[in-house]
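Trainee: I'm new to this one and would like a close look at a single part. Could you walk me through it slowly?

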Amino acid sequence: MPKASNWNAKEGNEHHDLKSALQKSIRCSDVNAALHYLARSGDYEVLLRRMLIIVYEDIGLANPALAIRVKTAIDTFRQIGIPEGIIPLGLVVIEMVLSEKSNSVNLAVQKAYSDVLQGKIYPIPDYLKHNWSKTLKKSVGKGKLYKFPHDYANDYVQQQYLPTKLKDTRYYQPKLHNIYEKKLNEIYNRFTKK
């Protein structure tokens, strides 16, 4: 097993290069390269954090249950240690490599955060506020009432949830090339009757 220090003065800090190579190998579905960089990663805490990042950033909604298996493999590695602990890591890295991929969640979250950082922070509709019943008393005849989704067919009701100035904003754009996200989109379209 490699040691924790992967510093190579000639090539620079290989530590960051190994994290990058592992993530890109998983993202690009190259199982042999991913296993190679896994085996070279001696700083296991950095490796484990990177694996969690990859499963959410690059696999995301294409296979969300994989995040649980990655976390389980990490916990198993920490419990049994080296050398046997590398086996559950290898198993889950192979599964990550061979999984369908989607970065739709990452893109959606980044767009939402970007809007907030740019100051696009507008008033929350009254009927969504915590004290909406008190607000309702003040705005009877002026505003809308909160519609409780569970009182409607498919537990869905059309209602404006975003602030008015952002009402037509779409952060999440599904990627329909993977089975799970495609299925989520079909369910959403069915209960919204789109």
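Trainee: At roughly what angle do the axes of helix H3 and helix H5 cross?

Mentor: Keep in mind that this is a predicted model. Helix H3 covers residues 44–59 and helix H5 covers residues 86–98; their axes cross at roughly 25° and come within 12 Å. Angles under 35 degrees count as roughly parallel, and H3 and H5 are therefore roughly parallel to each other. As for handedness, H3 passes H5 in a left-handed crossing.

Now look at who touches whom. From H3 come Tyr44, Leu47, Leu48, Met51, Ile54, Val55 and Ile59, and they meet Ile86, Leu89, Val92, Val93 and Met96 of H5. Sort the residues in this contact by class and you get twelve nonpolar ones, with no polar and no charged residues.

The whole structure has three aromatic pairs. In one of them, Tyr44 pairs with Phe77 in a tilted arrangement, with 5.1 Å from centre to centre and 45° between the planes. Tyr44 sits in H3 while Phe77 sits in helix H4 (residues 66–80), so this pair ties together parts that are 33 residues apart in sequence. Are these two buried or exposed? Buried means under 20% relative accessible area. Tyr44, at 11% relative accessibility, counts as buried, and Phe77 is buried as well, with a relative accessible area of 7%.

Key:
Residues are numbered from 1 along each chain as its sequence is written. This is a predicted model: local features need pLDDT of at least 70, side-chain atom pairs count only at pLDDT 80 or more; totals for chains, interfaces and linings use all residues. Side-chain values use heavy atoms; hydrogens and water are left out. Axes are lines fitted to C-alpha atoms, for helices over the stretch in contact, and angles run from 0 to 180 degrees between N-to-C directions. Helices (H or I, at least four residues) and strands (E, at least two) are DSSP runs, numbered from the N terminus. Angles under 35 degrees count as roughly parallel, over 145 as roughly antiparallel, 65 to 115 as roughly perpendicular and the rest as oblique. A crossing is left-handed if the near helix is turned anticlockwise from the far one by less than a right angle, and right-handed if clockwise. Contact means heavy atoms within 4.5 Å. Ala, Val, Leu, Ile, Met, Phe, Trp, Tyr, Cys and Pro count as nonpolar, Asp, Glu, Lys and Arg as charged, and the others, Gly among them, as polar. Rings of Phe, Tyr and Trp (its six-membered ring) pair if their centres lie within 6.5 Å; planes under 30 degrees apart count as stacked, over 60 as edge-to-face and the rest as tilted. Buried means under 20% relative accessible area, exposed over 50%, partly exposed in between (1.4 Å probe, protein chains only).
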